[in-house]
Amino acid sequence: MNWGLPTSVEIGGESYEIRTDFRVILDIFVMLSDPDLSGTDRAEGILQMFYVSPEDIPPQHLQEAVDRFTWFQNGGQEQDKKKSPKLVDWEQDYPLILPPINRIFGRDIRGIPYDAETNTGGVHWWTFLGAYNDLGDCTFAQVVRIRDKKARGKTLEKDEREWYRRNSNIVNMKRKLSQEEETTISKWLGAGKEPVNGKC
């Protein structure tokens, strides 16, 4: 049993150094949710962002390298194959997730320096994930509870319905539009209108 925090993963019998800071992993999640990227683009993004020297990974082991990222992001657990509703959008929910995590750490973890060039400092993703999994009663937990009930078609309690009515803007997940969709909508709206999502 390895009780430590991994700073490398094994691929094809060789060890490869990885970037472990929580900000790197969250940046990867944002990249993965970009609707304009193909599956190949996403895999390339994982390799470039997660591995310190992705060019050292032999081509025949690239899929294994992507799979090792999935293992790492899950805290060392194999991915659950069961289909379940998406309840968290890391990019949208980050402002709700960070305050209770900071309370657990006793400080604002964004202030902990991390140097991506030397891959030093920061907060290890598994440490961040441990704090995330320990979140108690907070706004984010309420958001997830309501999303879960709505996704499963369960009836909200009276107080939950009222809370949702007042906070639907943070509960409802915002759909990300591809560039093509935004262009189409802009054409429908006509020239001179503001672009959707603030993009040009």
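**View 1. Helices H4 and H6 are oblique to each other**. Angles under 35 degrees count as roughly parallel, over 145 as roughly antiparallel, 65 to 115 as roughly perpendicular and the rest as oblique. In this predicted model, local features need pLDDT of at least 70 and side-chain atom pairs count only at pLDDT 80 or more, while totals for chains, interfaces and linings use all residues. Residues are numbered from 1 along each chain as its sequence is written, and side-chain values use heavy atoms, with hydrogens and water left out. Helix H4 (residues 90–105) packs against helix H6 (residues 139–151) at an angle of about 135°, and their axes are 8 Å apart; axes are lines fitted to C-alpha atoms, for helices over the stretch in contact, and angles run from 0 to 180 degrees between N-to-C directions. Helices (H or I, at least four residues) and strands (E, at least two) are DSSP runs, numbered from the N terminus. Gln92, Asp93, Leu96 and Ile97 of H4 meet Thr139, Phe140, Val143 and Arg147 of H6, where contact means heavy atoms within 4.5 Å.

**View 2. Helix H2 packs against helix H3 at an angle of about 70°**. The axes of H2 (residues 39–50) and H3 (residues 62–73) are 10 Å apart, and the angle makes H2 roughly perpendicular to H3. From H2, Ala43, Ile46, Leu47 and Phe50 meet Leu62, Ala65, Val66, Phe69 and Phe72 from H3.

**View 3. Phe50 and Phe69 form an edge-to-face pair**. The structure holds 14 aromatic pairs, with rings of Phe, Tyr and Trp (its six-membered ring) pairing if their centres lie within 6.5 Å, and planes under 30 degrees apart counting as stacked, over 60 as edge-to-face and the rest as tilted. The ring centres of Phe50 and Phe69 are 5.1 Å apart and their planes stand at 75°. Because Phe50 lies in helix H2 and Phe69 in helix H3, the pair ties together parts that are 19 residues apart in sequence. Phe50 is buried at 0% relative accessibility, and Phe69 is buried at 1%; buried means under 20% relative accessible area, exposed over 50% and partly exposed in between (1.4 Å probe, protein chains only).

**View 4. Trp71 and Trp126 form an edge-to-face pair**. Their ring centres are 5.5 Å apart, with planes at 65°, and the pair links Trp71 in helix H3 to Trp126 in helix H5 (residues 125–133), 55 residues apart. Trp71 is buried, with a relative accessible area of 17%, and Trp126 is buried at 18%.
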